[in-house]
Amino acid sequence: MLKRLFVVILFSATLTTDATVKEGIYNKVVELHNDWRGYNNIACMHLANGNLSEAMGSLDKAETLSGATSDILTNKGIIAARRGQLTKAQKLFNSAELST
């Protein structure tokens, strides 16, 4: 039952276009369930706003909880690419592809 509730809470963020509401939902997911997907989604919001350091911090927390998932590796690759670290980005993208 709790897992179903968690999925509903996480999904509810897709029903709004208000970034503040989305971030609040993802923060609640982290608070209640300490799930990597909440941190990953927060990182995506930071990426969209160009806050690369904050995004990386959220991804590091996500990776601590789940290991190196393809989603996390892909997002870390995006950060590396935006920072001009193209070789590192390619390695992260390759690792993400292998982990699927």
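Predicted model: local features only at pLDDT ≥ 70, side-chain atom pairs only at ≥ 80, totals over all residues.
Visitor: Got it. And what follows H2?

Guide: Asn-34 comes next, and its phi is positive, near 45°.

Visitor: How far apart are the end C-alpha atoms of H2?

Guide: They are 21 Å apart. That agrees with expectation, because at 1.5 Å a residue the 15 residues of H2 (residues 19-33) should span 21 Å.

Visitor: Nice. Which residues in H2 are buried?

Guide: Ile-25, Tyr-26, Val-29 and Val-30. Looking down the helix axis, the buried residues of H2 fall within an arc of 140°, so they line one face.

Visitor: Why would residues three or four places apart point the same way?

Guide: Because an α-helix has 3.6 residues a turn.

Visitor: And what does the face of H2 turned away from the buried side carry?

Guide: The exposed residues Thr-20 and Glu-31.

Visitor: Switching to the core: which residues touch the most other members of the largest nonpolar one?

Guide: Tyr-26 and Ile-79, out of 21 residues in that core. H3 gives the most to this core, with 6 residues.

Visitor: Back to Tyr-26, then. What is it in contact with, leaving aside neighbours within four places in sequence?

Guide: Tyr-26 is in contact with Leu-10, Ala-13, Gly-38, Asn-41, Ile-42 and Met-45.

Notes
Residues numbered from 1 in each chain as written. Heavy atoms only, no water. Helix = DSSP H or I, 4+ residues; strand = E, 2+ residues; numbered from the N terminus. Expected span 1.5 Å × (residues − 1). Buried < 20%, exposed > 50% of the residue type's maximum accessible area, 1.4 Å probe, protein only. Arc of directions from axis to C-beta. Core = buried A, V, L, I, M, F, W, Y, C linked by side-chain atoms within 4.5 Å. Contact = heavy atoms within 4.5 Å.
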